[in-house]
Amino acid sequence: MNAPPRFDRPPAQDVDGDGGDADDSGGGTDAPGRGPWRRRPIVARTITVLAGVLVLSALVAPDEAEHLTPGAFVRIPLEGVLGVVLLLALPPRARRVPAILAGGALGLLTVLKIMDLGFSAVLARPFDPVLDWISIGAAVEFLGGSIGGAGAVAAAVAAVVLAAGLVVLMAASVLRLTRAAVRHGGATAGTASVLGVVWGMCAALGVQIVPDTPVASTGAASLAHDRVLDVRAGLRDRKTFAAQAAVDAFRDTPGKDLLGGLRGKDVLLAFVESYGRDAVEDPRYAPQVGALLDDGGRRLREAGFASRSGWLTSPTAGGGSWLAHATLLSGLWIDNQQRYHSLVGSDRLTLNRAFNRADWRTVGLMPGVTRAWPEGRFFGFDQVYDSRQLGYRGPRFSFATMPDQYTLAAFERLERARRDRAPVMAEIPLVSSHAPWASVSRLVDWDRIGDGSVYNGAPGAGMPPWPDRGRVRTEYRRSIEYTLGSLISYMEKYGDDDLVLVFLGDHQPTPLITGDGAGRDVPITIVARDPAVLDRISGWGWQDGLKPGPKAPVWPMHTFRDRFLSAFS
């Protein structure tokens with residue numbers, strides 16, 4: 001009896017030593033009895049091509065948002081050419097592990113690039129792999145304030161899953177491409193040689209398809225090198241900061257020798273969120289914001305007030321307001337979360353503590369704080385009013401838990417209206433101009449503010465964030481006008497000979513608002529009715545009015561504490 005015919009395919013040769021088929025396409029046509037699940041060659045080749053596109057994109061993709069253009073992907077990555085040569089040179093059974101490791105490393109590097117793109121778009125700087133992980137929590141909080149807690153947690157979980165998936169997918173893609181390259185070893189070697197020669201010519205001639213983006217790419221290697229240096233610098237920064245913090249000219253100054261030039265005055269220190277130099281100089285915002293400041297200065301002069309303005313350079317941009325607050329108050333440059341944590345765990349004399357030592361009552365009105373805030377003890381507040389303690393009963397305006405005018409009214413009601421009190425020094429971060437710049441409230445009569453229910457039904461309350469770009473910029477400008485208008489109106493309504501207002505921006509807004517390449521300068525202004533107050537700073541060179549001009553002095557923000565204490569002590 002004849003034996004039945006055999007349809008088995010003979011085993012393929014394992015050319016790359018990894019135990020897999022030499023033909024990863026699945027072996028051409030389906031064999032009888034194998035079922036419809038076997039991949040056809042066209043599907044396998046498509047997957048291989050997609051893997052190549054993924055790896056090439058990861059190698060040449062820029063890590064700065066302004067360079068993210070189609071032309072940036074038309075480049076020759078030296079790392080890819082050398083990687084192919086190296087894998088071809090390895091013995092067959094030694095290729096699998098290096099391919100997987102190289103793919104995983106490229107996946108991690110791609111995650112860092114994505115982080116860099118996000119940070120450059122929002123904070124105008126790259127992601128720091130040592131110092132910025134803690135900041136991710138702040139990002140989740142921001143999302144929670146804009147889209148709700150559940151949405152923020154879901155977004156964070158999705159980001160982690162996608163990052164892990166990208167690393168795995170990149171490793172699988174490099175392994176797949178290694179198999180394909182080995183199967184076609186001769187053609188692969190020839191192609192790599194040609195690309196290597198072309199890369200060298202482009203590098204020698206400086207060929208670019210788009211500006212500042214050379215065709216001869218070493219972006220992945222450069223990014224990896226820079227990140228290694230960042231890690232080393234981040235690890236050293238703790239020791240550097242400790243040495244800087246050990247120097248404090250006012251550490252042991254007695255209270256009786258501090259701030260005598262402000263004795264008996266209430267001092268209001270107000271941070272205006274995202275109020276940067278562009279707000280008063282960029283043609284998209286300056287005409288309206290400048291007109292408001294000019295008109296406000298005129299109105300305050302008619303009420304007997306005078307003002308002086310200058311510039312400070314913030315340690316941050318786009319976000320991280322607490323870093324700017326800590327920098328101004330401590331007299332130390334706080335430009336990352338590690339420095340911030342080191343600071344709040346120390347006994348540094350902050351500006352608030354100096355007022356407290358000199359017998360002022362020190363308070364913080366923190367409308368952006370929605371839970372326990374233990375750092376308040378470090379800064380030296382006698383009383384902290386967070387968003388839960390300000391008595392607000394109105395609607396939320398996107399990130400802002402309450403309008404700035406309400407916060408200022410609450411300060412007046414809770415502190416300045418009290419009888420038989422000591423002079424008060426208050427720090428108030430005003431948050432109506434915080435991203436994402438949904439529509440803000442309008443000024444209302446101060447006597448109608450009450451518990452904030454007057455804002456119920458106000459246009460913009462609860463609006464979703466991030467409308468189109470033009471709308472975002474318009475709402476940014478309007479929010480700055482609103483907050484500045486609230487401060488000016490507050491001084492008109494409640495200002496007297498014993499009130500001194502210091503207001504400043506914490507940082508520039510994101511590049512979405514400023515464009516690329518904006519600096520980090522923010523305006524700062526002091527307003528007082530008592531001429532003796534401004535006489536104390538006559539040597540600073542600040543300009544008259546609420547708006548600093550282009551030639552006004554620019555100081556690093558961390559120098560303000562010592563200059564202020566020296567001027568008024």
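Visitor: How many salt bridges does a search of the whole structure find?

Guide: The search finds 30 salt bridges. Keep in mind that this is a predicted model. As a general idea, side chains of opposite charge can pair when their charged atoms come close. Here is one case: the side chains of R416 and E412 form a salt bridge, with 3.3 Å from N to O.

Visitor: Where do R416 and E412 sit relative to each other in helix α14?

Guide: Both belong to α14, residues 404-416, and because they are four residues apart in that helix, about one helical turn separates them.

Visitor: Next, helices. How are two packed helices described?

Guide: We use the angle between their axes, together with the distance between the axes. Take α7 and α11 (residues 337-344): they pack at an angle of about 40 degrees, and their axes are 10 Å apart. On the α7 side, the contact is made by G234, D237, R238, T240, F241 and Q244, while α11 brings Q338, R339, S342 and L343. Sorted by class, these contact residues are two nonpolar, five polar and three charged.

Visitor: Is the crossing of α7 and α11 left-handed or right-handed?

Guide: It is a right-handed crossing.

Visitor: Now for empty space. What shows where it is left?

Guide: Rolling a probe the size of a water molecule over the atoms shows this. In this model, the second largest pocket holds about 1,100 Å³ of space. It is lined by 38 residues, and V55, L59, G80, V84 and L177 are the closest to its centre.

Visitor: Which helix gives the largest share of the lining of that second largest pocket?

Guide: That is α2, with eight residues. Other elements supply at least two residues each, including α1 (41-60), α3 (96-123) and α5 (149-183). By class, the lining of this pocket has 28 nonpolar, eight polar and two charged residues.

Visitor: And how many cavities of 30 Å³ or more are there?

Guide: There are two. The largest cavity has a volume of about 70 Å³. Among the residues lining the largest cavity are F397, H434 and W437, and its lining divides into six nonpolar, five polar and no charged residues.

Visitor: What lines the second largest cavity?

Guide: This cavity, with about 40 Å³ of space, is lined by V267, L269, L351, F355, M425, V502, F560 and F564. Two or more of these residues come from each of β5 (266-272), α12 (351-357) and α18 (560-568). By class, the lining has eight nonpolar, no polar and no charged residues.

Definitions and conventions: Residues are numbered from 1 along each chain as its sequence is written. This is a predicted model: local features need pLDDT of at least 70, side-chain atom pairs count only at pLDDT 80 or more; totals for chains, interfaces and linings use all residues. Side-chain values use heavy atoms; hydrogens and water are left out. On a 1 Å grid over the protein atoms alone, a cavity is a set of points where a 1.4 Å probe fits but cannot get out, and a pocket is an open set with protein on both sides within 12 Å along at least five of seven lines; lining residues have an atom within 4 Å of a point. Grid points are joined across faces, edges and corners, and a volume is the space filled by probe spheres set on the points. Ala, Val, Leu, Ile, Met, Phe, Trp, Tyr, Cys and Pro count as nonpolar, Asp, Glu, Lys and Arg as charged, and the others, Gly among them, as polar. Axes are lines fitted to C-alpha atoms, for helices over the stretch in contact, and angles run from 0 to 180 degrees between N-to-C directions. A crossing is left-handed if the near helix is turned anticlockwise from the far one by less than a right angle, and right-handed if clockwise. Contact means heavy atoms within 4.5 Å. A salt bridge is a side-chain nitrogen of Lys or Arg within 4 Å of a carboxyl oxygen of Asp or Glu.
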